[in-house]
Amino acid sequence: MKELKAPVILYDGVCNFCNAIVTFIIKHDKEKKFLFAPIQSKQARLLLRNLGEPFANLKTVYLVDSGQIYKKSGAVFKIVQKLHYPWKLLSLFKVLPLGFTDYLYSLIAKNRYHWFGKTNEIIKPNEKVKERFLAD
C-alpha cells in the first residue's frame with residue numbers, strides 16, 4: 001500500500017450512525033484533510049495489518065495518522081481537533097480520563113445498530129466525494 005498523504009478514518013460501513021458522522025466530517029472538512037475507508041474494505045484491513053493491528057473491530061473507529069493508530073474516543077478527539085471551530089472545541093473533553101471516554105464510546109458503539117439502524121451493504125460514496133475514499 002502506498003504511503004498515505006492524509007489521515008484516514010476507518011469506520012463501520014454498514015452503520016447508519018457511522019455513515020452520518022462521515023458525511024458530517026466531509027461537510028465540515030473544507031480543506032479535505034481526511035480520507036475514509038469502511039473497516040470492511042480490503043484497504044482498511046491491509047492498512048491496519050501493516051501497522052501491527054491484525055484485528056479490525058467493527059465497534060471501533062480508527063484514525064490512522066502519520067503511521068500511528070488511534071482508536072475509540074482517542075480517534076474521535078484527534079478527528080475533531082483537526083476540524084474548525086466550533087467542532088474543534090469537542091476535543092476539550094480529552095481532559096477526561098480515557099477509561100471514562102472509551103466507556104461512553106463503547107456504550108454508543110454497542111447500541112448503534114439498535115438506536116440508528118444499519119444497512120445490508122456498505123454505502124458507496126457519491127461521485128462528488130469518491131476521491132476521498134480508499135478504493136476497493
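This is a short tour of one protein model, stop by stop. The model is predicted, and residues are numbered from 1 along the chain.

**Stop 1: the largest pocket**

Select F17, I21, V61, V76 and Y105. These residues lie nearest the centre of the largest pocket. The pocket has a volume of about 760 Å³. Its lining is made of 29 residues. Now colour by element. β1 (8–11), α1 (16–28), α3 (72–81) and α4 (98–116) each give two or more residues to the lining.

What kinds of residues line the largest pocket? The lining divides into 23 nonpolar, 3 polar and 3 charged residues.

**Stop 2: V61**

V61 sits in the loop between α2 (42–50) and β3 (62–65). Is V61 buried or exposed? V61 counts as buried because its relative accessibility is 14%, and the cut-off for buried is under 20%.

Next, show what surrounds V61. Leaving aside neighbours within four places in sequence, V61 is in contact with I9, L10, Y70, K71, K72, A75, V76 and Y105. Pick out V76 from that group. V61 and V76 are 15 residues apart along the chain, and their C-alpha atoms are separated by 7.8 Å.

**Stop 3: K72**

Move to K72, one of the contacts of V61. K72 is found in helix α3. Look at its backbone. Phi of K72 is near 50°, a positive value in a residue other than glycine. K72 is partly exposed, with a relative accessible area of 25%.

**Stop 4: the largest nonpolar core**

Select I9, I25, F34, F36 and F133. The largest nonpolar core has 18 residues, and these five touch the most other members. Which elements give two or more residues to this core? They are β1, α1, α3 and α4. The largest share, 4 residues, comes from α1. Apart from this core lies another, of 12 residues, with V8, L10, I39 and L48 among them.

In soluble globular proteins, nonpolar side chains tend to be buried together.

**Stop 5: F34**

Zoom in on F34. Show its contacts, not counting residues up to four places away in sequence. F34 touches P7, I9, I25, D29, L63, I79, K82, L83 and R132.

**Stop 6: R132**

R132 is found in the segment after α4. Is this residue buried or exposed? R132 is buried, because its relative accessible area is 4%, and buried means under 20%.

Where does the side chain of R132 reach? It reaches the backbone oxygen of F34 at 3.1 Å. Now display the other residues around R132. Not counting residues up to four places away in sequence, R132 touches I26, D29, K32, K33, F34, L35 and F36.

**Stop 7: K32**

Step from R132 to K32, one of the residues R132 touches. K32 lies in the loop between α1 and β2 (35–38). Check its backbone angle. K32 has a positive phi of about 55°, although it is not a glycine.

**Stop 8: Y85 and P86**

Finish with the pair Y85 and P86. What kind of peptide bond joins them? The bond is cis, and its omega is about 5°. To place P86 in the chain, look in the loop between α3 and α4.

Terms used: This is a predicted model: local features need pLDDT of at least 70, side-chain atom pairs count only at pLDDT 80 or more; totals for chains, interfaces and linings use all residues. Side-chain values use heavy atoms; hydrogens and water are left out. On a 1 Å grid over the protein atoms alone, a cavity is a set of points where a 1.4 Å probe fits but cannot get out, and a pocket is an open set with protein on both sides within 12 Å along at least five of seven lines; lining residues have an atom within 4 Å of a point. Grid points are joined across faces, edges and corners, and a volume is the space filled by probe spheres set on the points. Ala, Val, Leu, Ile, Met, Phe, Trp, Tyr, Cys and Pro count as nonpolar, Asp, Glu, Lys and Arg as charged, and the others, Gly among them, as polar. Buried means under 20% relative accessible area, exposed over 50%, partly exposed in between (1.4 Å probe, protein chains only). A polar contact is a pair of N or O atoms within 3.5 Å; within protein, one must be able to donate a hydrogen and the other to accept it, and residues adjacent in sequence count only if both atoms are side-chain atoms. Contact means heavy atoms within 4.5 Å. A nonpolar core is a set of buried Ala, Val, Leu, Ile, Met, Phe, Trp, Tyr and Cys residues joined through side-chain atoms within 4.5 Å.
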